[in-house]
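Trainee: I've got a model open and would like to go through it with you. Can we take it one question at a time?

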Amino acid sequence: INSLGALVCDLEPGTIPASDPSILEKLKLCPALTAAQQDALNALLLSGDTAYGDPSSWDLQTLQDLGPLVLALNQTTLSLVAEAAQEDFRRSIAAAYLSQGRSQREKSLMLLRALAAASAASQPRLQRSADRCQIEPITASNIEDIILLFPEELDLCLSNNVLVENLEAVQDLPFTSEASWVLKKKVDEVREIPDEKLRHLGTLSRLYTEEEISQWHVTSSDTLSALLRNVEGVWNDSQVQQLLSKYLSLGGSLTGPLLQEIGGKHLCNLQEEQIQQIPAAAIGTAGQLDISSCSQTKKDLLYRKAQEAFASLASTPGCYYCQIHPYLGGAPAEDLKELANAGVAINMDLGTFLALNPEELQKLSVTDVKHLLGKNLPELKEHEHEPLVVSWVQQQSQQELDCVLGIGLQGGRPQPTGTGGSAATSTATATTPASVTSTTTVPTTTAL
């Protein structure tokens, strides 16, 4: 076994029960086991002929020592583990949950579901009565014990008011999907949830529809921020739109920190009237927002607000550009020209350049572009086939592109013919009418 190394993860399932029990320590290193390998693993553990002993003798320490192998335990094996050991194990999982990363949290939830199912199968505690709680009712003093309850027990042993009053204590606890829906139902049965309680819905908030969110009484920025916070579970665009609309309709104001929580993508989903409600000062403290998904009209609105927010920096173009560049997609050509001719190196990155309003970009001269891009000018050559760049190049003089930029851009307007040819043509054109007049007047005079 010791010589197999990583090859142990590819063992045929039938080999596992027949192997030395020490194979379990090697299997812990496998990133994943097949269903057949898991069945073989359980067969070996059920034999009791391992360092872990018979499953009926396992305690909290044994379950923890099994490590990743716990994820492979089936209902037959788990049903033999004492209820007290299972509950202790569930508590230890919940205690570690908040400090875990996303992938580990998913594994923890898998374990909680498996333990809950095993406990339900071995000790159906609710079969004696389907209409009243058969265990100690949940109160504020033992509210965290709800992670140990089956969905049916949650429904019977946790009152709606106790849950709502203690949402803060349970908002970050790990729940199975079934338990989460029971908790949501209990919250919904309370007639009106105050603003200060809504902020503690945590992962439950992601279960609400747009129509349900429209009934929330979200009035404080703290509550909106808490609801938007990146907890487990992702808001969809329509949920965020409804949440923000409700907040704004109740007189709420969007601050810089709130804009950070909302993010550029969701900001772009606001209606134009709602964007107009954003104070310029909020843009000034919102940090770098990606508004690339906004419509041009919304980019224009946000740019004007950013221009107002950073007006005090206008005398120091370098600092001004650092702050306003995420919003330059809404800048008119005259503002871009002013920035280009500010007398300092702007060094606009190509991402920002290519995100400029296409109509306004076409109004920039070759010199304007050179000054805007600065040290990043050579990168323009790498993007010469971008439609935006192609159309701009086609409007410029090829001679100017060559002489001013000197980066090999092709496709500009050809330069006119030589100076001498132009002068001769001009002279011939100018003298032709006189010649014609002279020729045609002589016969006329003779006739007279």
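Trainee: How many helices and how many strands does the protein chain have?

Mentor: Bear in mind that this is a predicted model, where local features need pLDDT of at least 70, side-chain atom pairs count only at pLDDT 80 or more, and totals for chains, interfaces and linings use all residues. Residues are numbered from 1 along each chain as its sequence is written, and side-chain values use heavy atoms, with hydrogens and water left out. Helices (H or I, at least four residues) and strands (E, at least two) are DSSP runs, numbered from the N terminus. On that basis the protein chain has 28 helices and zero strands.

Trainee: What percentage of the 448 residues counts as buried?

Mentor: Buried means under 20% relative accessible area, exposed over 50%, and partly exposed in between (1.4 Å probe, protein chains only). For the 448 residues of the protein chain, the buried share is 44%.

Trainee: Which side chain does the side chain of lysine 184 make a polar contact with?

Mentor: Lysine 184 sits in helix α11 (residues 177–188) and is buried, at 6% relative accessible area. Contact means heavy atoms within 4.5 Å, and leaving aside neighbours within four places in sequence, lysine 184 has Leu204, Leu207, Tyr208 and Glu212 in contact. A polar contact is a pair of N or O atoms within 3.5 Å; within protein, one must be able to donate a hydrogen and the other to accept it, and residues adjacent in sequence count only if both atoms are side-chain atoms. At 3.1 Å, the partner is the side chain of glutamate 212.

Trainee: How far apart are the C-alpha atoms of alanine 333 and glutamate 360?

Mentor: Alanine 333 belongs to helix α21 (residues 333–340) and is buried, with a relative accessible area of 4%. Not counting residues up to four places away in sequence, alanine 333 touches Glu360, Lys363 and Leu364. Though alanine 333 and glutamate 360 are 27 residues apart along the chain, their C-alpha atoms are separated by 4.8 Å.

Trainee: What is the phi of asparagine 347?

Mentor: Asparagine 347 is in the loop between α21 and α22 (350–354), partly exposed at 25% relative accessibility. Most residues other than glycine have a negative phi. Asparagine 347 is not a glycine, yet its phi is positive, about 55 degrees.

Trainee: How wide an arc do the buried residues of helix α26 cover around the axis?

Mentor: In α26 (residues 387–394), the buried residues are Leu388, Val389, Trp392 and Val393. The arc is that of the directions from the helix axis to the C-beta atoms. These residues are on the same side of α26, because their arc is only 125 degrees.
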